[in-house]
Number of protein chains: 2
Amino acid sequence: MIVEVIAVGTELLLGQITNTNASTIGSALAEQGFDAHFQQVVGDNEARVAESIRVGIERSDAVIITGGIGPTQDDLTREAVCLATGLEMEFSDEYADHLRGWWERRGREMPESNLQQAEHPAGAELLTNPKGTAPGLMIEHEDTLIFCVPGVPAEMEHLLHEEVIPRLSAASGEKAVLASRLLRTWGRSESDIADSLDDLYRSSTNPSLAFLASGGEIKIRITAKADDRASALKLIEPMETEVRSRMGSVLFGTDDETIERVIFRLLTELDYTIAAAESMTGGLVTAALTSLPGSSAMTRGGIVAYHSELKERLLGVSDASTVVDLETAEEMARGGRELLGADVVVSVTGSAGPEPLEKPVGTMVIGVSTPEHTQAKEMRMVGDRERVRTYAVTSALHLIRLALIGKWWGR
Amino acid sequence: MIVEVIAVGTELLLGQITNTNASTIGSALAEQGFDAHFQQVVGDNEARVAESIRVGIERSDAVIITGGIGPTQDDLTREAVCLATGLEMEFSDEYADHLRGWWERRGREMPESNLQQAEHPAGAELLTNPKGTAPGLMIEHEDTLIFCVPGVPAEMEHLLHEEVIPRLSAASGEKAVLASRLLRTWGRSESDIADSLDDLYRSSTNPSLAFLASGGEIKIRITAKADDRASALKLIEPMETEVRSRMGSVLFGTDDETIERVIFRLLTELDYTIAAAESMTGGLVTAALTSLPGSSAMTRGGIVAYHSELKERLLGVSDASTVVDLETAEEMARGGRELLGADVVVSVTGSAGPEPLEKPVGTMVIGVSTPEHTQAKEMRMVGDRERVRTYAVTSALHLIRLALIGKWWGR
């Protein structure tokens with residue numbers, strides 16, 4: 001089944017935003033085994049959007065249009081679909097009521113322009129969009145499926161996975177299903193991992209291996225295709241076992257088991273509470289430790305001692321004038337356990353730049369203190385301020401895990 | 001002059017890489033005042049690339065094709081241009097020698113496959129590519145200009161600015177440039193703003209109005225086209241003045257002036273330091289206050305009092321058992337100023353879900369305490385945990401601004 005993505009928005013043509021929706025949808029479709037031959041981008045112009053839709057339904061089995069279904073005057077996708085298909089525009093009183101309710105729940109009056117979101121080409125199925133006010137749309141036109149989804153990535157992604165892909169799969173009648181297993185690693189480079197799995201990579205196409213690098217973690221994806229999910233998973237099994245044995249403790253999680261989830265599982269097993277004492281990461285580590293539902297059960301909180309006076313007064317650091325220092329990080333972690341009353345505290349100090357401190361920009365020291373042991377580690381990341389901070393957060397979370405499983409570094 | 005970008009590469013369709021070239025070229029063209037109506041993406045398939053080129057030269061005055069001119073088997077753009085235009089393929093002995101020289105200078109023997117980079121549609125002008133081995137191409141076909149540039153961003157950008165744009169400008173003879181002004185607002189919905197500017201939106205095409213919603217903020221973009229930048233800005237002026245007067249203090253920043261920058265400008269003017277005392281946002285507000293280079297000059301740090309015991313012991317909250325409470329938020333803000341030694345402290349408490357506290361999930365109370373005044377505000381956001389937290393952070397930053405400019409809410 002050939003699926004074509006059409007992204008609507010003048011801001012895309014002007015390069016004010018990058019078309020990440022197209023790549024998100026593209027990879028999701030590829031994973032499901034759908035084919036893609038073309039993508040289009042078109043500005044906020046009714047006639048041109050209609051032309052793009054005509055071209056798309058001409059050469060593809062399904063078209064996914066993202067953007068242009070919001071409440072403002074330059075949201076023209078609904079009209080363009082009518083223009084391209086000759087369908088009449090209909091109005092859904094039911095959805096209009098839903099919209100009024102949405103605004104009422106926020107104790108505000110609904111601007112009239114919002115009502116255009118209750119309009120849709122005749123016969124369209126409205127796809128619920130819990131993250132926004134514009135519903136997705138599915139129109140069956142001749143033998144083509146036309147989907148309209150919002151341009152806001154979070155709303156688009158939800159509709160893509162919950163509504164669009166299931167309907168595409170149903171329509172395609174494709175029996176073969178794709179199953180995949182995601183093995184999450186941290187601590188080895190992508191090329192290093194690729195090298196050590198090269199023989200598996202070359203010797204097998206089903207299951208197949210893929211490597212995804214993101215934010216310091218390397219994910220190994222094993223994908224298999226079979227008549228049903230059970231058989232696909234059976235194909236994956238032996239390769240997974242082999243990869244696991246080669247990766248060892250570098251492998252920290254499976255599928256949606258993020259490092260945060262792993263940490264919370266370990267904390268629960270050990271019946272420990274946790275907190276963070278940060279400077280360079282400015283609160284991002286604590287934010288990660290409070291990102292999961294139910295984290296209040298284990299996370300006490302955190303202190304951001306950005307100013308050195310706070311490091312000394314609140315965390316009892318003996319000399320906070322040296323920022324990038326193993327001793328300072330260990331004192332911060334110990335002091336944090338006292339101040340915040342937590343069993344485990346991770347500390348992060350260092351220089352995110354732009355101006356270097358006593359060590360080069362990107363140098364960071366991360367400390368972990370548990371009832372058993374306290375230890376710090378110096379690391380370095382090259383890149384801008386945001387990149388350095390992100391890397392520091394990921395590293396801090398993974399050093400927490402290593403400490404909790406007793407694999408203290410360089411010990 | 002209408003210019004269309006065609007990006008060639010199956011990896012783009014599969015979402016393995018994002019089409020940043022399209023946005024780079026798009027913004028460069030817009031700056032020069034060229035019009036863009038469509039963009040295309042097509043996989044590494046000769047017939048389909050040719051089809052995209054045909055569509056492009058049909059509806060545009062110039063087509064810029066990026067990708068598919070390298071040395072490997074799946075580089076098919078040159079062939080596709082011939083297929084689309086009916087031009088013969090020619091071979092440049094001169095460029096072949098250049099290629100051999102390129103490899104010799106690196107003391108390596110040239111793989112034969114490299115020679116296809118010396119091929120080009122008859123009559124094409126070869127554009128020097130100092131950053132790689134594949135030359136850019138310019139073909140004048142009937143009354144359309146066809147440019148071929150590499151897909152490697154660094155090579156593409158060099159050719160774009162050094163070779164492509166100058167030739168486009170020469171061909172168009174057009175001097176017009178585009179200028180735009182971004183007005184950033186917070187506190188009113190996109191549709192509400194669109195309604196109140198509807199007459200301006202409909203009455204004017206140059207300058208034109210557009211609305212961009214992101215993370216709780218609504219950006220209003222005014223774009224004008226004129227012979228030179230100064231005249232374009234002059235066209236923008238009256239519309240900007242009108243929009244500013246209608247938006248009032250809802251408008252907080254211009255162009256790249258984010259809320260964080262605005263806060264730091266205000267803090268500098270007032271010679272105040274700042275810190276945060278958070279629970280539901282778990283450190284994200286402090287992270288925002290430390291996100292800018294040089295923020296250490298004004299940001300003391302922050303406390304994440306996630307556990308109620310910390311709210312009481314460290315922040316002196318009288319009764320932290322009620323989480324979503326104006327009194328609690330004000331106590332947190334006052335207590336934060338003492339604990340963290342900051343002139344201004346913002347506090348955030350509430351319920352990010354999934355389990356509701358005394359108020360529905362998504363209810364939050366944000367407090368600001370300055371040397372002049374302390375006040376809290378209750379707000380609500382519907383959505384998942386991440387959305388609620390993001391909304392809370394944005395709201396906290398904007399309430400800081402309102403407090404700093406003396407516009408305390410409901411006073």
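A: Strand 9 of chain A pairs with strand 12 (residues 251-254) of chain A in the antiparallel sense, over three bridges. Strands here are DSSP runs of E of at least two residues, helices are runs of H or I of at least four residues, and both are numbered from the N terminus; two strands pair if DSSP finds at least two bridges between them. This is a predicted model, in which local features need pLDDT of at least 70 and side-chain atom pairs count only at pLDDT 80 or more, while totals for chains, interfaces and linings use all residues. Residues are numbered from 1 along each chain as its sequence is written, chains are lettered from A and ligands numbered from 1 in the order in which they are written, and side-chain values use heavy atoms, with hydrogens and water left out.

A second open sheet takes strands from both chains: twelve strands in the order 6(A)-7(A)-8(A)-3(A)-1(A)-2(A)-2(B)-1(B)-3(B)-8(B)-7(B)-6(B), with mixed pairing. Strand 6 of chain A and strand 6 (125-127) of chain B stand at its edges with a single partner strand each, so one side of each has no neighbour in the sheet. Neighbouring strands of this sheet are turned against each other by 20 degrees on average, direction ignored. Helix 6 (residues 153-172) of chain A packs on the sheet, touching strands 1, 3, 6, 7 and 8 of chain A, and its direction makes about 170 degrees with that of strand 8 (144-149) of chain A; touching means contact, that is, heavy atoms within 4.5 Å.

Where the chains join in this sheet, strand 2 (residues 38-42) of chain A pairs with strand 2 (residues 38-42) of chain B in the antiparallel sense over five bridges, and A:V42 has B:F38 as its bridge partner. On the side of chain B, strand 3 (residues 62-66) and strand 8 (residues 144-149) pair in the parallel sense, also over five bridges, with B:V63 and B:I146 as one of the partner pairs.

The two chains meet in other ways as well. In total, 70 residues of chain A are in contact with 74 residues of chain B. Between the two chains there are five salt bridges, a salt bridge being a side-chain nitrogen of Lys or Arg within 4 Å of a carboxyl oxygen of Asp or Glu. One of them joins B:R59 and A:E51 (3.5 Å, N to O). Strand 14 (residues 299-305) of chain A gives the most to the side of chain A that touches chain B, with seven residues.

Notes. Axes fitted to C-alpha atoms, helices over the stretch in contact; angles between N-to-C directions.
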